[in-house]
Amino acid sequence: MTAGSCFAQHVGRALKQHDFNVIDTEPLPADIPDAVALKFGYRMYSARYGNIYTARQLVQLLDEVEGTFRPAHPVWHRGNRHFDAMRPNVEPDGLDNAELVLEHRRLHLENTARAFDSANLFIFTFGLTEAWVHTGTQTVYPTAPGTFATIETPEEITFHNFSYSETLADFEEFRTRMKTRNQDMRFLVTTSPVPLTATASGEHVEVATCYSKSVLRAVCGALYQKYDDVDYFPSYEVITSLNNRGVYFENNKRSVSKAGVRAAMDLFLTAHLGEMPGSTLQKKVNEGAVRKSAKQGKSARSKAAEDADVICEDILLEAFSR
Amino acid sequence: MKRILIMGNSHTACIRKAWNNMGGEVPFEIDFFVAIVPHARHLRLNRNLEYGDIDNSAPRRITKILKQLNGCTVIDLKKYDAIIRVGNRTFPTDLVIELLDRFDVDGLSLRESAHRLSRNCFAGMAEPILHKHAKRAVFNRKKGWDDSAPPLIVAPAPRPSEKMLEEMANGLLRKNPHPLSEALDMLDEKFSHEVRKWGVRAVIPQPPKAISSSGLTHNTYSQGSYTARGELHNDSDLTHMNVAWGELRLKQISDAVAELLT
């Protein structure tokens, strides 16, 4: 199963295109076009949880699935429309009332539980360290009140920039608890190469990006070194390596180009097609497969679906520019 | 006597058969023009309102088949007081069955499904399809149907036989098909709204007598249906209807034309 920040959508899509059995516990009929499905958060991940940017959000999702946690202010509103605060991109126009949002969420959590229990590989793309937290309950939200919707008391929600130790501890907790639920579960972690467009940290966005990516990459490294059942995929390195001179970014210097996505996914598939032995990927990297794959990325392989855009919440970016 | 043209695809067959049986009871002169589905996509309506202009990619046999079915290959719509477009799909019923067999939809009857679809999401899925089908009903004319042409009435294809439900539904719809009926009614209403925006003067609903509680057509109406060439369909055909259905439809058409032209 796949989860993570918006770059993680590329991973899931590439795997599906190559006939990996990617779990989808909230599938739509195949005749529904991707444009409609993605607009409502379907076909993005193994359940309809939308982008999960921080490890804390991931743990919190597991808490909710296991019934040990209920978010503070789970329903936000905009005018007379009501939104799931934990996954703002799945219903762009909201629902009719708060009860409906909670009922949709209840069913979604049941489907997420089925994904957790049936997967034997969990692929997670770490995206951000910055998040918005409810001070009383420590509920983490993917964005700030006042962006896509709000609550009556937005002052209860404040900015938090997760540290290395917090992020590592969160994912370790997630891993431990997932292994309890599902003993066969293995993990593949990666860091999103997409830089921040805005930050609420008060730092310059370049400084904030460097901090965030450094923390996330270091956490991935620590997890890979510490656990036999955790593998690392270097999408971050493929895209951001100085040797590539930024060629894998679009003109806005933020969005990863199609060639970049292809290079990263080619490497991913080269490493993982077949029986997926735990250390194959690292071996490929050591052998210079990153460079080889980058060259292959320039070839004109046509993959229509691969060209589709991923869904990132611009409202999230807005949140960090506040 | 007013003269109307009933034109469409294979779903015209049952209406034509019905007219043969009860033609005298219909207070209009009726002509038929039929183009079966794989051929219809090669036919165009030109600026002079002549339908049957065949594009270059069409197989040669189309001309021969059009002549066999209609005695001509081109029909001039200007000669008629009203045009009845028959057999257009409003929405693919199989897709609705597939969806509702697994999903509850906000606003429709609920069955405690593990999957729930919002009303907006359902509408988001339906709208592009309804739009495409509505455009087809007005011959894909960019500006729709205008007053310079005879008034256009749309009589959509029959809903498939309820046997389709038995064949396709394995989940929620087996236990409770009620939301299917609600969804099909809702989609028909949206289709009607959409084609009216394109200048269609009236949309004829499904004959109420023929509709079962599931919202699909009673099995009895799909038994003994005919092809456009007048041959019997086999029993596995679930989408075409027989003469009894054609009679219901012809009566509806007659009423709609009378209301429009008087």
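Tutor: Before we start, one term: two strands are said to pair if DSSP finds at least two bridges between them. Please keep in mind that we are looking at a predicted model.

Student: Thanks! In which order do the strands of the open sheet of chain A run?
Tutor: This open sheet has 4 strands, and their pairing is parallel. Its edges are β1 (2-4) and β9 (230-232) of chain A, each of which pairs on one side only. On average, neighbouring strands are turned by 25° against each other, direction ignored.

Student: Over how many bridges do β4 and β8 of chain A pair?
Tutor: Strand β4 covers residues 121-126 of chain A, and β8 covers residues 186-191. In this pair, F126(A) stands opposite T191(A) of β8(A). The pairing is parallel, and the number of bridges is 6.

Student: Which helix packs on that sheet?
Tutor: Look for a helix that touches β4, β8 and β9 of chain A. Its direction makes about 155° with that of β8(A). The helix spans residues 164-181 of chain A, and its name is α5.

Student: Is T129(A) buried or exposed?
Tutor: T129(A) sits in the loop between β4 and β5 (130-134) of chain A. Beyond its neighbours within four places in sequence, T129(A) is in contact with several residues, including T54(A), H160(A), F162(A), Y211(A), V215(A) and L216(A). Its relative accessibility is 0%, so T129(A) counts as buried.

Student: At what distance does the side chain of T129(A) make a polar contact with that of N161(A)?
Tutor: The side chain of T129(A) has a polar contact of 3.2 Å with the side chain of S212(A). For the polar contact between the side chains of T129(A) and N161(A), the distance is 2.7 Å.

Student: Which residue has its backbone oxygen 2.6 Å from a polar atom of the T147(A) side chain?
Tutor: T147(A) belongs to the loop between β6 (140-141) and β7 (157-161) of chain A, and T147(A) counts as buried because its relative accessibility is 15%. Its side chain makes a polar contact of 3.2 Å with the side chain of T143(A). The backbone oxygen at 2.6 Å is that of A144(A).

Student: What share of the residues of chain A counts as buried?
Tutor: Chain A contains 11 helices and 9 strands. Among its contacts with a separation of 6 or more, 73% are between residues 24 or more positions apart. Of the 322 residues of chain A, the buried share is 57%.

Student: Now chain B: which helix joins β1(B) and β2(B) in a right-handed β-α-β unit?
Tutor: Strands β1 (residues 3-8) and β2 (residues 29-34) of chain B pair in the parallel sense over 6 bridges. Within this pair, L5(B) stands opposite D31(B). The helix of the unit covers residues 12-22 of chain B and is α1.

Student: How far apart are the C-alpha atoms of I54(B) and H39(B)?
Tutor: I54(B) lies in strand β4 (residues 50-54) of chain B, and with 27% relative accessibility I54(B) counts as partly exposed. Apart from its neighbours within four places in sequence, I54(B) is in contact with H42(B), L43(B), I62(B), T63(B) and L66(B). I54(B) and H39(B) are 15 residues apart along the chain, and their C-alpha atoms are separated by 9.2 Å.

Student: Finally, what is the average pLDDT of chain B?
Tutor: For the model, the scores are ipTM 0.82 and pTM 0.84. In chain B, 100% of the residues score at least 70, and the average pLDDT is 92.

Terms used. Residues numbered from 1 in each chain as written. Chains lettered and ligands numbered in written order. Predicted model: local features only at pLDDT ≥ 70, side-chain atom pairs only at ≥ 80, totals over all residues. Heavy atoms only, no water. Helix = DSSP H or I, 4+ residues; strand = E, 2+ residues; numbered from the N terminus. Right-handed = clockwise from strand over helix to strand, strands pointing away. Axes fitted to C-alpha atoms, helices over the stretch in contact; angles between N-to-C directions. Contact = heavy atoms within 4.5 Å. pLDDT = per-residue confidence, 0-100. Buried < 20%, exposed > 50% of the residue type's maximum accessible area, 1.4 Å probe, protein only. Polar contact = N/O pair within 3.5 Å; in protein donor to acceptor, adjacent residues only side chain to side chain.
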